[in-house]
Amino acid sequence: MPPATAASPECALCQAFVRLKGLAVLAMGTGVAFAVLRKPLPLPWSALFSLALAALPTYAITRRQLKNCADLWDFQTPPPKGSPKVSNGEGC
């Protein structure tokens, strides 16, 4: 669900950096897992298992860091006048 206000450039930069870092971790994790699984399994199975093994931690790490970006956005945005600040974790 998109936020009610436009995101700041810092928030967009944080999200872009986290997603780029997630792609790099996925590529490196897949390469390492493929090198380990290459010997005992045939090529298609080792490629499939290595991608799956790398995707799970990459997703978890990227999701946690994107939440940190959203928390940063929530911290930087002033609350609307007359209402208490309640964060739902989707600020960015």
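User: Is asparagine 68 buried, partly exposed or exposed?
Analyst: Asparagine 68 is partly exposed, at 45% relative accessibility. Buried means under 20% relative accessible area, exposed means over 50%, and partly exposed is in between (1.4 Å probe, protein chains only). The residue sits in helix α2. Before we go on: this is a predicted model, where local features need pLDDT of at least 70, side-chain atom pairs count only at pLDDT 80 or more, and totals for chains, interfaces and linings use all residues. Residues are numbered from 1 along each chain as its sequence is written, and side-chain values use heavy atoms, with hydrogens and water left out.

User: How far apart are the C-alpha atoms of asparagine 68 and valine 18?
Analyst: They are separated by 9.9 Å. Along the chain, the two residues are 50 apart.

User: OK, zoom out. How many helices and strands does the protein chain have?
Analyst: Two helices and zero strands. Both kinds are DSSP runs, numbered from the N terminus: helices are H or I with at least four residues, strands are E with at least two.

User: What is the span of helix α1?
Analyst: Helix α1 covers residues 9-37, which is 29 residues. From its first C-alpha to its last it reaches 41 Å, close to the 42 Å expected at 1.5 Å a residue. The expected span is 1.5 Å times one less than the number of residues.

User: Which residues of α1 are buried?
Analyst: Cys11, Gln15, Val18, Gly22, Thr30, Ala33 and Leu37. What covers them includes α2.

User: Let's take threonine 30. What does its side chain reach?
Analyst: The backbone oxygen of leucine 26, at 2.7 Å. Threonine 30 counts as buried because its relative accessibility is 18%. Leaving aside neighbours within four places in sequence, threonine 30 is in contact (heavy atoms within 4.5 Å) with Ser50, Leu51 and Ala54.

User: And serine 50, where is that?
Analyst: In helix α2, residues 43-76. Serine 50 is buried, with a relative accessible area of 1%. Its side chain reaches the backbone oxygen of serine 46 at 2.8 Å. Apart from neighbours within four places in sequence, serine 50 is in contact with Thr30, Ala33, Phe34 and Leu37.

User: New topic. How many salt bridges are there?
Analyst: The count comes to one. A salt bridge is a side-chain nitrogen of Lys or Arg within 4 Å of a carboxyl oxygen of Asp or Glu. Here lysine 67 pairs with aspartate 71, and the closest N and O atoms are 3.2 Å apart.

User: Why are lysine 67 and aspartate 71 about one helical turn apart?
Analyst: Because they are four residues apart in helix α2. Lysine 67 is partly exposed, with a relative accessible area of 44%. Aspartate 71 is partly exposed too, at 31%.

User: What about the surface? Which residues form a nonpolar patch?
Analyst: Trp45, Leu48 and Phe49, with about 330 Å² of accessible area together. Patches use residues with over 30% relative accessible area and no salt bridge; like charges are joined within 9 Å, and nonpolar side chains (Val, Leu, Ile, Met, Phe, Trp, Tyr) within 5 Å. Areas come from the Shrake-Rupley method with a 1.4 Å probe, and for residues only the protein chains shown count as cover. Phenylalanine 49 counts as partly exposed, at 38% relative accessibility.

User: Last one: how much of the protein chain is buried?
Analyst: Buried residues make up 21% of its 92 residues.

How values were computed:
Polar contact = N/O pair within 3.5 Å; in protein donor to acceptor, adjacent residues only side chain to side chain.
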